[in-house]
Amino acid sequence: AEYCSLGEYHGRVAIFAPDERTLPRQITAIAVHTLPSADRAALSGGIAVYSREELYRLCASLFGEGEQ
(Lines give C-alpha, C1' and ligand atoms only; values in the text may rest on other atoms or scores of the structure.)
Protein backbone atom coordinates (compact mmCIF):
# COMPACT_ATOMS: atom_id res chain seq x y z
CA ALA A 1 0.00 0.00 0.00
CA GLU A 2 1.12 3.54 -0.67
CA TYR A 3 2.68 5.22 2.38
CA CYS A 4 2.53 8.75 0.93
CA SER A 5 3.43 10.63 -2.22
CA LEU A 6 5.82 13.41 -3.10
CA GLY A 7 4.66 16.34 -5.19
CA GLU A 8 4.99 20.07 -5.62
CA TYR A 9 3.25 22.64 -3.43
CA HIS A 10 3.91 26.36 -3.94
CA GLY A 11 7.32 25.69 -5.47
CA ARG A 12 8.52 23.28 -2.78
CA VAL A 13 8.69 19.50 -2.58
CA ALA A 14 5.80 18.38 -0.38
CA ILE A 15 4.67 15.14 1.23
CA PHE A 16 1.04 14.17 0.69
CA ALA A 17 -1.16 11.53 2.31
CA PRO A 18 -1.87 8.60 -0.07
CA ASP A 19 -5.40 9.78 -0.89
CA GLU A 20 -4.71 13.53 -0.83
CA ARG A 21 -3.22 15.73 -3.57
CA THR A 22 -4.35 19.21 -2.57
CA LEU A 23 -3.11 19.81 0.99
CA PRO A 24 0.26 18.33 1.97
CA ARG A 25 1.12 16.67 5.27
CA GLN A 26 4.44 18.48 5.22
CA ILE A 27 6.26 20.97 3.01
CA THR A 28 10.02 20.49 2.72
CA ALA A 29 12.71 23.14 2.29
CA ILE A 30 13.58 21.69 -1.14
CA ALA A 31 12.86 24.25 -3.88
CA VAL A 32 11.56 22.46 -6.98
CA HIS A 33 13.28 24.87 -9.39
CA THR A 34 16.69 23.70 -8.12
CA LEU A 35 16.07 20.08 -9.17
CA PRO A 36 16.98 18.45 -12.48
CA SER A 37 14.21 18.54 -15.09
CA ALA A 38 13.55 14.78 -14.80
CA ASP A 39 12.88 15.16 -11.05
CA ARG A 40 10.66 18.20 -11.65
CA ALA A 41 8.65 16.23 -14.21
CA ALA A 42 8.26 13.26 -11.85
CA LEU A 43 7.09 15.53 -9.03
CA SER A 44 4.49 17.20 -11.22
CA GLY A 45 2.81 13.82 -11.66
CA GLY A 46 3.40 12.76 -8.07
CA ILE A 47 5.88 10.14 -6.87
CA ALA A 48 4.31 7.23 -4.98
CA VAL A 49 6.23 6.21 -1.86
CA TYR A 50 5.66 2.84 -0.19
CA SER A 51 7.63 3.06 3.08
CA ARG A 52 9.13 5.55 5.51
CA GLU A 53 12.61 4.38 4.52
CA GLU A 54 11.89 5.05 0.84
CA LEU A 55 10.58 8.51 1.77
CA TYR A 56 13.79 9.34 3.64
CA ARG A 57 15.92 8.01 0.78
CA LEU A 58 14.02 10.04 -1.84
CA CYS A 59 14.12 13.24 0.19
CA ALA A 60 17.84 12.84 0.86
CA SER A 61 18.43 12.27 -2.84
CA LEU A 62 16.37 15.30 -3.87
CA PHE A 63 17.97 17.50 -1.21
CA GLY A 64 21.42 16.44 -2.36
CA GLU A 65 20.61 17.42 -5.96
CA GLY A 66 18.96 20.71 -5.01
CA GLU A 67 20.32 23.73 -3.19
CA GLN A 68 23.91 23.39 -2.08
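User: What makes up the accessible surface of the protein chain in this predicted model?

Analyst: The accessible surface comes to about 4,200 Å². Carbon and sulfur atoms hold 52% of that surface.

User: How do you know whether the radius of gyration agrees with a compact globule?

Analyst: Set the value against the rule. For 68 residues, a compact globule would have a radius of gyration near 11 Å. The protein chain has 11 Å, so the two agree. The C-alpha atoms fill a box of roughly 30 × 25 × 20 Å along the principal axes.

User: What is the pattern of secondary structure along the sequence?

Analyst: The protein chain reads β-β-β-α-β-α. That comes to two helices and four strands.

User: Why is Ser5 called buried?

Analyst: The cut-off for buried is under 20% relative accessible area. Ser5 has 5%, so Ser5 is buried. Ser5 sits in strand E1, residues 4–9.

User: Why is Val13 called buried?

Analyst: Val13 has a relative accessible area of 0%. Buried means under 20%, so Val13 qualifies. Val13 lies in strand E2.

User: Which residues are in contact with Val13, beyond four places in sequence?

Analyst: Val13 touches Leu6, Gly7, Ile27, Thr28, Ile30, Val32, Leu35, Leu43 and Leu62. Take Val32: Val13 and Val32 are 19 residues apart in sequence. Their C-alpha atoms are 6.0 Å apart in space.

User: What makes a set of residues a nonpolar core, and which residues form the largest one here?

Analyst: The residues must be buried, of a listed nonpolar type, and joined through side-chain atoms within 4.5 Å. The largest such core has 12 residues: Cys4, Leu6, Val13, Ile15, Ile30, Val32, Leu35, Leu43, Val49, Leu55, Cys59 and Leu62. E1, strand E2 (12–16) and helix H2 (52–65) each give two or more residues to this core. H2 gives the largest share, three residues.

User: What does Leu55 contact, leaving aside neighbours within four places in sequence?

Analyst: Leu55 is in contact with Tyr3, Cys4, Leu6, Ile15 and Val49.

User: How many of the 68 residues count as buried, as a percentage?

Analyst: The buried share is 29%.

User: What share of the contacts with a separation of 6 or more joins residues 24 or more positions apart?

Analyst: Those residues account for 40% of such contacts.

User: How far apart are the mean positions of the positive and negative charges?

Analyst: They are 2 Å apart, for 6 positive and 9 negative charges.

Definitions and conventions. Residues numbered from 1 in each chain as written. Predicted model: local features only at pLDDT ≥ 70, side-chain atom pairs only at ≥ 80, totals over all residues. Heavy atoms only, no water. Rg over C-alpha atoms; globule rule 2.2 N^0.38 Å. Buried < 20%, exposed > 50% of the residue type's maximum accessible area, 1.4 Å probe, protein only. Contact = heavy atoms within 4.5 Å. Areas by Shrake-Rupley, 256 points an atom, 1.4 Å probe, with all protein chains shown as cover. Lys, Arg positive; Asp, Glu negative; His and termini not counted. Charge placed at Lys NZ, Arg CZ, Asp CG, Glu CD.
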